[in-house]
Amino acid sequence: MGIASVVATMTGGRQSEVGIVGHDGMTGVAVILGQDRSPNETYIQVAGNGWILSVENLRSAIAASQSLRESLLRYAHAFLVQSSRTALVNGHSKIEERLARWLLMVQDRVEGNRIYLTHEFLATMLGARRPGVTIALQMLEYRGLVHAKRGEITIVDRVGMIQLTHGAYGEEEQSHFGLASA
């Protein structure tokens, strides 16, 4: 199962993830909403299998199927909810809470407890500085929630991670994306 990150970029090159896509969805939400392209970049962070569908073919399929249109619009709504929650969490939560939420969201979309990413990549996804991510990861490890080594993070205590987020991860993510709870 692969994972893609939808990343917004500011003038000057600063970036932050605004959404995460796994087996639960698709990139290109802007096309569903009638636009030709997204203002955001998409990065594959975990390799996997997927399908490519041209904009023209997607629009033809949407025009031919009311149920497909409704399903895609529900997904677009869920993605917008995720983006809104990400903005809220990034603006009001400590970096440890943000990191825990992000790791949980990735774990929801991969098989197993291991996540293979660098601190630099995590910093981009969280819109934070790399040293801050390193310290936050060390704090999660100190609390016994994760085990980290170069390029690999293993979630050891999912329930503890959820509690650490203080509500930043939970019902919203699970209700809109149909994800399993702790």
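Helix α4 (residues 95-109) has 15 residues, which at 1.5 Å a residue should span 21 Å; its end C-alpha atoms are 21 Å apart, in agreement. The expected span is 1.5 Å times one less than the number of residues. Helices here are DSSP runs (H or I, at least four residues), numbered from the N terminus. The model is predicted: local features need pLDDT of at least 70, side-chain atom pairs count only at pLDDT 80 or more, and totals for chains, interfaces and linings use all residues. Residues are numbered from 1 along each chain as its sequence is written, and side-chain values use heavy atoms, without hydrogens and water.

**Burial of α4**
- Of the 15 residues of α4, 15 are buried, so the helix is largely enclosed by the rest of the structure.
- Buried means under 20% relative accessible area (1.4 Å probe, protein chains only).

**Packing of α2 and α3**
- The axes of α2 (residues 55-64) and α3 (residues 66-92) come within 5 Å and cross at roughly 115°.
- Axes are lines fitted to C-alpha atoms over the stretch in contact, with angles from 0 to 180 degrees between N-to-C directions.
- The two helices, α2 and α3, are therefore roughly perpendicular (65 to 115 degrees).
- L58, A61, I62 and A64 of α2 meet Q66, L68, R69 and L72 of α3 (contact: heavy atoms within 4.5 Å).

**Aromatic pair**
- The count is 1 aromatic pair (ring centres within 6.5 Å).
- Y75 and F79 have ring centres 6.3 Å apart and planes at 35°, so the pair is tilted (stacked is under 30 degrees, edge-to-face over 60, tilted the rest).
- Y75 and F79 are both buried.

Note on methods:
Angles under 35 degrees count as roughly parallel, over 145 as roughly antiparallel, 65 to 115 as roughly perpendicular and the rest as oblique. Rings of Phe, Tyr and Trp (its six-membered ring) pair if their centres lie within 6.5 Å; planes under 30 degrees apart count as stacked, over 60 as edge-to-face and the rest as tilted. Buried means under 20% relative accessible area, exposed over 50%, partly exposed in between (1.4 Å probe, protein chains only).
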